[in-house]
Amino acid sequence: MSEIEHLLREDLRGQTAYGAPQLDVPVQLNTNENAYPIPEDVAAVVAEFIGRELRGLNRYPDRDALALRGDLAAYLGHGLTADNVWAANGSNEILQQLLQAFGGPGRAVLGFMPSYSMHPLLARGTGTAFVDAGREADYTLTPGHVRWAIEAHDPDLVFLVSPNNPTGTALDAAVVEAAYEAARGIVVIDEAYAEFARDRASTALGLLEGRKRLVVTRTMSKAFAFAGARVGYLAADPELVEKLLLVRLPYHLSSITQAAARGALACATRLQSEVDELKHQRDRIVKNLRAKGLPVADSDANFVLVGGLRDAAAVWRAVLDEGVLIRDVGLPGRLRITAGNEEETASLLAAFDTVLERRPELFDSASEQRSASEQQQEQNQ
Ligand SMILES: *Cc1c(COP(=O)(O)O)cnc(C)c1O
């Protein structure tokens with residue numbers, strides 16, 4: 001063990017840092033980013049908002065980010081106001097602050113993997129035990145399983161993801177309600193992809209009223225195409241929000257970040273049209289991969305999880321050889337694909353066609369490519 005490794009916290013020794021493998025290929029559909037750059041007119045608005053802050057950068061920012069929280073509350077609706085909302089540098093920081101305030105050494109957070117891979121890492125970083133209660137064989141989550149797991153483990157926090165990453169499907173309100181009723185602790189619904197849901201009403205925001213331990217986290221990284229700006233937020237009871245001030249760094253959210261976020265929020269309607277286009281491309285991927293005989297779960301996110309792969313790692317490699325980078329999330333027989341723009345989707349589907357044709361042995365026999373006429377029939381339906 002090196003001298004530095006020896007000085008490191010025992011629970012961090014031998015661990016590797018998070019990072020999606022980045023490769024320089026023409027079509028990158030591996031990190032669930034928004035495929036569209038910020039449109040020119042939106043960029044102009046954001047620049048104007050930032051510009052107004054520049055001369056005042058000698059001062060610390062509004063540490064409570066009140067104006068931004070007001071804008072976020074207005075965007076969310078559901079009767080929420082600034083005191084229901086908290087913002088930070090990405091929803092990852094929001095989740096970290098929740099763990100710092102309500103988790104920590106001697107406490108536990110319950111999650112249901114496969115789900116967002118950062119949740120266990122954020123738990124580890126804050127010294128919170130992460131307990132994985134798993135899912136059904138098809139990766140769905142039932143109220144019964146959630147209730148059983150919470151009663152069995154009695155966690156201080158529960159993390160649910162809806163729509164779930166990497167499976168793509170939103171949770172029924174019944175699952176959230178069951179979790180809240182069974183838990184004595186904080187119940188967090190990570191809604192990073194809420195704007196992409198087939199049913200926009202599937203959010204848990206409507207359940208916040210009267211549920212003081214319920215938290216909904218959101219991000220501007222996906223729907224607002226703002227991953228580089230680092231803006232995440234939550235909606236919850238004002239008393240819970242106030243407790244997060246105990247653990248936030250002073251002035252954690254820069255004036256520039258706050259201004260940029262407010263500029264993008266002023267263009268929310270404009271940016272939603274790109275979300276609608278991505279949903280269209282996502283549904284196109286689902287429909288076309290199904291027509292090729294590959295099982296794909298319904299998706300409420302900006303990505304899909306494709307199954308029916310006998311050798312997922314080899315399919316990942318073969319698709320990469322066609323110039324398209326997708327994500328091997330370590331689930332047997334499955335790969336995750338982020339929805340891209342129209343041309344990127346065309347490249348992806350062409351890559352799958354090529355691999356299905358040249359390497360049928362990489363796929364489950366039930367999902368081997370069907371005859372062209374069969375595929376055509378399905379597409380015409
Ligand atoms: C992408 C993603 C986030 C976003 O994190 P940010 O820190 O806001 O960029 C959060 N949760 C899930 C499940 C995600 O997939």
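Helix H9 has Ser255, Thr257, Gln258, Ala259, Ala260, Ala261, Gly263, Ala264 and Leu265 as its buried residues. The model described here is predicted. Its chain is divided into domain 1, made of 21-36 and 271-380, and domain 2, made of 62-253.

- Cysteine 267 sits in the loop between H9 and H10.
- With a relative accessible area of 9%, cysteine 267 counts as buried, because the cut-off for that class is under 20%.
- Apart from neighbours within four places in sequence, cysteine 267 is in contact with Val42 and Val45.
- Between cysteine 267 and asparagine 84 there are 183 residues of sequence separation and a C-alpha to C-alpha distance of 22 Å.

**Contact between the domains**

- The C-alpha centres of domain 1 and domain 2 are 28 Å apart.
- Domain 1 puts 22 residues into the contact, and domain 2 puts in 21 residues.
- About 1900 Å² of area is buried between domain 1 and domain 2, with carbon and sulfur atoms giving 55% of it.
- Two salt bridges are found across the interface of domain 1 and domain 2.
- A salt bridge joins the side chains of arginine 198 and aspartate 300, with an N to O distance of 2.8 Å.
- Polar contact across the interface of domain 1 and domain 2 involves 11 residue pairs, counting those with both residues at pLDDT 80 or more.
- On the side of domain 1 that touches domain 2, helix H10 (268-291) and strand S9 (303-306) each supply at least two residues.
- H10 gives the largest share of that side of domain 1, with six residues.
- By class, the side of domain 1 that touches domain 2 holds 11 nonpolar, five polar and six charged residues.

**Glutamine 281 in H10**

- Glutamine 281 is placed in helix H10.
- The relative accessible area of glutamine 281 is 1%, and the residue is buried.
- The side chains of glutamine 281 and arginine 284 are joined by a polar contact of 2.7 Å.
- Not counting residues up to four places away in sequence, glutamine 281 touches Gly340, Asn341, Glu342 and Thr345.

**Helix H11 and the glycine after it**

- H11 covers residues 312-321 and is mostly covered, with seven of its 10 residues buried.
- Those buried residues are Ala312, Ala314, Val315, Trp316, Ala318, Val319 and Leu320.
- Strand S10 (324-325), strand S11 (335-338) and helix H12 (342-358) are what the buried residues of H11 pack against.
- Glycine 323 follows H11 and has a positive phi, near 90 degrees.

**Cis peptide bonds and positive phi**

- Most residues other than glycine have a negative phi, and most peptide bonds are trans.
- The bond from methionine 113 to proline 114 is cis, with omega near 5 degrees.
- Proline 114 lies in the loop between strand S3 (108-111) and helix H5 (118-125).
- A cis peptide bond also runs from asparagine 165 to proline 166, with omega near 15 degrees.
- Proline 166 is in the loop between strand S5 (157-161) and helix H7 (173-182).
- Asparagine 32, a residue other than glycine, has a positive phi near 60 degrees.
- The position of asparagine 32 is in the loop between strand S1 (27-28) and H2, and its relative accessible area of 1% makes it buried.
- Arginine 230 is not a glycine either, and its phi is positive at about 60 degrees.
- The loop between strand S7 (214-219) and strand S8 (232-235) holds arginine 230, which counts as partly exposed at 31% relative accessibility.

Technical notes:
Residues numbered from 1 in each chain as written. Predicted model: local features only at pLDDT ≥ 70, side-chain atom pairs only at ≥ 80, totals over all residues. Heavy atoms only, no water. Domains from an automatic or database assignment. Contact = heavy atoms within 4.5 Å. Buried area = accessible area lost by both parts, 1.4 Å probe. Salt bridge = Lys/Arg side-chain N within 4 Å of Asp/Glu carboxyl O. Polar contact = N/O pair within 3.5 Å; in protein donor to acceptor, adjacent residues only side chain to side chain. Helix = DSSP H or I, 4+ residues; strand = E, 2+ residues; numbered from the N terminus. Nonpolar A, V, L, I, M, F, W, Y, C, P; charged D, E, K, R; others polar. Buried < 20%, exposed > 50% of the residue type's maximum accessible area, 1.4 Å probe, protein only.
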